[in-house]
Amino acid sequence: MASISNAITTPFLLKAVICLGIPDILGRESPLHYNQIAAKINPSDPNPDVVRRILQSLVRNKIFCEDPSGFFSHNNLSSTLVSSKNIHAMVMLQTSQPMVASYSEIHKLALGGSHESAFEVANEGKSLYQYASHNLGFSKMFRAAISETSERFMVAATREARKAFEGIKGVIVDVGGGHGACVHKIVQDYPHLKGINFDLPDVVAAAPQYPGIEHVGGDMFKGVPSGDAIFMKAVLHNWNDKNCKRILQNCYKALPENGKLVVVEEVLDPAEERPVDMDILMLAAIGGKERSENEWNELLASEGFANISLSLTSSNDLQVVIEAYKCT
Ligand SMILES: C[S@@+](CC[C@H](N)C(=O)[O-])C[C@H]1O[C@@H](n2cnc3c(N)ncnc32)[C@H](O)[C@@H]1O
């Protein structure tokens with residue numbers, strides 16, 4: 001049990017090597033002795049011993065390799081931390097002060113009360129999205145972390161889940177689309193479609209322009225833009241069933257008869273570690289939850305969606321593409 005509670009240091013050591021630029025240093029030149037790494041981090045006053053201790057702890061977790069003479073190099077896991085690969089955005093988000101403070105308050109959610117997430121308990125009653133809208137640094141970290149996983153997944157989804165996108169004509173609306181990278185990828189691969197990226201006003205105001213994509217700001221709890229199809233990725237898992245139903249009702253209103261809803265989410269299976277971890281992340285960060293296949297079917301059917309089907313992709317993100325149709 002002590003080793004489990006001491007494992008809290010690992011994400012912070014990942015943050016430490018990222019802040020020190022070590023993944024990029026070893027990406028340029030490797031293997032390097034820890035004295036050489038330290039000198040490249042801070043040529044004027046290096047502390048090689050601290051560098052060695054940080055790296056050796058990560059090596060014990062199979063991140064980086066060390067040879068007996070103190071030379072370090074990348075392995076498959078550590079090489080994902082180089083800045084060009086962007087996994088570091090997720091590490092920086094998870095180890096940021098507002099997120100760490102949230103994990104420390106999870107127990108309070110079990111006591112009842114009005115808070116929907118541990119994030120609110122820890123961050124002066126603000127939800128994650130309210131906090132992000134007032135804190136540019138946190139918002140940038142959040143966007144970078146989300147877009148890294150989304151871009152990877154969308155490459156696989158548009159190529160492999162063709163059934164979900166083929167046959168859609170006209171306008172596809174990405175509800176909670178962030179900066180619009182997902183709908184941009186859909187429109188790139190299915191150029192007969194026009195895309196609308198819908199998100200909170202402050203989010204779309206900071207979004208880049210993409211050809212064929214119109215950004216629309218608003219609140220999905222009040223309404224969403226009309227379209228021939230609606231796409232929603234990693235949105236519903238942010239919310240409890242009551243809030244999901246409100247979003248789905250607005251999607252239903254925005255679709256024509258037999259209009260298509262394409263939802264991308266993880267499917268909870270207690271045998272799989274990652275969706276269970278993600279379930280706790282949702283609980284802490286925003287008050288949402290992951291759902292099993294049955295729960296997704298029931299949720300969508302409860303708001304008038306039928307002919308529900310799921311497809312897997314080869315992406316290792318464990319997200320599935322769920323198709324459903326507005327049933328009148
Ligand atoms: C987890 S992110 C997913 C972003 C994007 N779909 C993706 O997968 O890359 C959830 C998105 O929902 C948006 N969102 C949160 N509350 C919203 C609201 N009330 N109306 C519209 N969008 C909202 C957030 O700003 C965020 O971009």
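1. A polar contact is taken here as a pair of N or O atoms within 3.5 Å, where within protein one atom must be able to donate a hydrogen and the other to accept it, and residues adjacent in sequence count only if both atoms are side-chain atoms. The model is predicted, so that local features need pLDDT of at least 70 and side-chain atom pairs count only at pLDDT 80 or more, while totals for chains, interfaces and linings use all residues. Residues are numbered from 1 along each chain as its sequence is written, and side-chain values use heavy atoms, with hydrogens and water left out.

2. A nitrogen atom of the ligand lies 2.9 Å from an N or O atom in the side chain of Asp219, and an oxygen atom of the ligand is 2.6 Å from an N or O atom in the side chain of Asp199. A backbone N or O atom of Gly176 is placed 2.8 Å from a nitrogen atom of the ligand. On its own the ligand has 600 Å² of accessible area, of which the protein covers 95%; such areas come from the Shrake-Rupley method with a 1.4 Å probe, and for residues only the protein chains shown count as cover.

3. The shell around the ligand can be described by residue and by class. A residue is near the ligand if one of its heavy atoms lies within 4 Å of it, and of the 19 residues around the ligand, Arg143, Ser150, Gly176, Asp199 and Lys233 come nearest. By class, the shell holds 9 nonpolar, 6 polar and 4 charged residues, where Ala, Val, Leu, Ile, Met, Phe, Trp, Tyr, Cys and Pro count as nonpolar, Asp, Glu, Lys and Arg as charged, and the others, Gly among them, as polar. Helix α12 (residues 136-160) gives the largest share of this shell, with 3 residues; helices (H or I, at least four residues) and strands (E, at least two) are DSSP runs, numbered from the N terminus.

4. Helix α14 (residues 181-189) deserves a separate look, since its residues Cys182, Val183, His184, Lys185, Ile186 and Val187 are buried, a word that means under 20% relative accessible area, with exposed being over 50% and partly exposed in between (1.4 Å probe, protein chains only). The buried residues of α14 pack against α12, α13 (162-165), β4 (171-175), β5 (194-199), β6 (213-217) and β7 (229-233), contact here meaning heavy atoms within 4.5 Å. His184 in this helix counts as buried because its relative accessibility is 15%, and, not counting residues up to four places away in sequence, His184 touches Tyr210, Pro211 and Ile213.

5. On the division of the chain, the domain assignment gives domain 1 (2-84) and domain 2 (106-326), with bounds that come from an automatic or database domain assignment. The C-alpha centres of domain 1 and domain 2 lie 35 Å apart.

6. A cis peptide bond, with omega about 0 degrees, joins Ser30 and Pro31, and Pro31 is found in the loop between α3 (22-28) and β1 (32-33). Ala234, although not a glycine, has a positive phi of about 55 degrees; Ala234 is in the loop between β7 and α16 (241-254) and counts as partly exposed because its relative accessible area is 21%. Asn258, which is not a glycine either, has a positive phi of about 65 degrees and lies in the loop between α16 and β8 (260-266).

7. Asn240 also has its place in the loop between β7 and α16, where it counts as partly exposed because its relative accessibility is 26%. A polar atom of the Asn240 side chain lies 2.9 Å from the backbone nitrogen of Asn243. Apart from residues up to four places away in sequence, Asn240 touches Glu116, Gly287, Gly288 and Arg291, and Asn240 and Glu290, 50 residues apart in sequence, are 9.5 Å apart in space, C-alpha to C-alpha.

8. Two further residues complete the note. Asn123, in the loop between α10 (118-122) and α11 (128-133), is buried because its relative accessible area is 7%, and, leaving aside neighbours within four places in sequence, Asn123 is in contact with Pro98, Ser102 and Tyr131. Ala132, found in helix α11, counts as buried because its relative accessibility is 11%, and, with neighbours within four places in sequence left aside, Ala132 is in contact with Phe138 and Ser139. The C-alpha atoms of Ala132 and Asp202 are separated by 9.6 Å, with the two residues 70 residues apart along the chain.
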